Amino acid sequence: MVYRNSVILYSLSCFLVLRCAAYSDPDLNRNFEELITSRGFKCEIHEITTTDGYILGYYRIVNPATISKPELRKRPVLLHHGLLSSGVDFIINSPGGDYDPSILDETFNGVDVDGQEKFIKHTVNSSQTKEVGNNLGFVLANLGYDVWLGNSRGTTYSKKHTHYDVKDKRFWKFSTDEMIKYDIPAGIDYILHATGRESLAYVGHSQGTLIMFGLLATRPEYTEKIKPFVSLGPVAQFVEIKGLFHLIAKIPGILEFGKHMKGQLLPRSSIIETIGKTVCVSPLKFVCTDLIFLVCGFDRLQMNVTREPVYTAHDPSGTSWRNVYHYGQMVKAKKWQMFDYGFFENELHYGTPHPPEYPLAAIRSNYIALIYGENDLIATPKNVASIKSHLTVPLLDDYLVPYSKWNHIDFLWGLEAGKHVYARTIQNIKLFDSHK
């Protein structure tokens, strides 16, 4: 029996190794910078230090044509990721996205405001023929925008601090509160200073939307600096959460368990990467897909299973236990509030026994575009409706993706992300092309 089991395990191992060897996508072993340069773009890596000492890694995609002709470079666009993700997710959806000067030439030769419809069709067609449209970072760079990919503290590309090492538990004492207070304003101010611009476009996904809602709600001086704010899978209300997160939240004691955990959670790992290179390309690949669907919503038609090893080579990208515990608090409380330290500590931190809620009603921006999906288990239609009910300003765009199965991860990895989401995203960004 032992011999037979050993033979079975050995055979399975060999099979998985062969499957891995047969998977030849060149993106599989490329790092962040190599993904950008492999498409013909230039890459700049910027280190941005926050006022509380965290050093954030921002990646800039430079269109070669704008180096010799800087007048062709459009406004900066900051793309910001969600929980356990990183900026790289905006450029790994498809193997395409090569630098194409013909796109830049066409957008600067008559295809402007009067050619809006033609412009959008061009973008969608590029998505279908060259796969450019399914990597938002490369789409925007090809169109001449100054693209910056942000990374929050604690992710793979933002693990430096002026005083703390990542092995120091003090490094990991943060949640989205600190990202709102320190990270995102530091990134925005740095980009505006580096480019000499007065405003930038911001595209956030999931947690990337939450931190921007938080910034606009608490720092009104940033209202005119963000034009527009395109929110993909908007998160700022916790009326309901479905899927795996909902099931975990119902397990007795799970929140208390998270309360006592310290340090980092789910960093980028060679183990997960190996699983992605083996299991996710084997007959067991449905396991990888179904785990994603349990969190984000089931949508097999939009999931490109051949890219899953590339996704797992970069994700998850890590965060702090405290950050996830904070989400657990908000899910339980069904409200968007600051970190709950407990009755007495809240008095010290906030001057009240309960953590304050973020005031969505305080937002004064008229430049917010909401793009959301019907099958999203996190940014559910009910949660999005709650966001809209709390906002007191008119929306720039209110767009439900016209595909009933569109889920939370389809915004990044959907096979038709270019068609269903990015064309609309660019349309909103383009409205502000004449702004400084």
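Asp25 and Arg307 form a salt bridge in this predicted model, with their closest N and O atoms 2.5 Å apart; a salt bridge here is a side-chain nitrogen of Lys or Arg within 4 Å of a carboxyl oxygen of Asp or Glu. Asp25 sits in the loop between α1 (2-22) and α2 (32-37) and Arg307 in the loop between α12 (285-296) and α13 (308-314), so the pair ties together parts that are 282 residues apart in sequence. Helices (H or I, at least four residues) and strands (E, at least two) are DSSP runs, numbered from the N terminus. Asp25 counts as buried at 16% relative accessibility, and Arg307 is buried at 2%. Buried means under 20% relative accessible area, exposed over 50%, and partly exposed in between (1.4 Å probe, protein chains only). The two residues also belong to a network of salt bridges that links Asp25, Asp27, Arg30, Arg39 and Arg307.

As for the source of these values, the model is a predicted one, in which local features need pLDDT of at least 70 and side-chain atom pairs count only at pLDDT 80 or more, while totals for chains, interfaces and linings use all residues. Residues are numbered from 1 along each chain as its sequence is written, and side-chain values use heavy atoms, with hydrogens and water left out.

By the rule above, the count comes to 19 salt bridges. Another of them joins the side chains of Lys74 and Asp433 (3.7 Å, N to O). This pair links distant parts of the chain, with Lys74 in the loop between α3 (65-68) and β3 (76-80) and Asp433 in the segment after α18 (417-430), 359 residues apart. Lys74 counts as buried at 12% relative accessibility, whereas Asp433 is partly exposed at 24%.

In soluble globular proteins, nonpolar side chains tend to be buried together.

Across the whole protein, the secondary structure comes to 18 helices and 11 strands, and 55% of the 436 residues count as buried.
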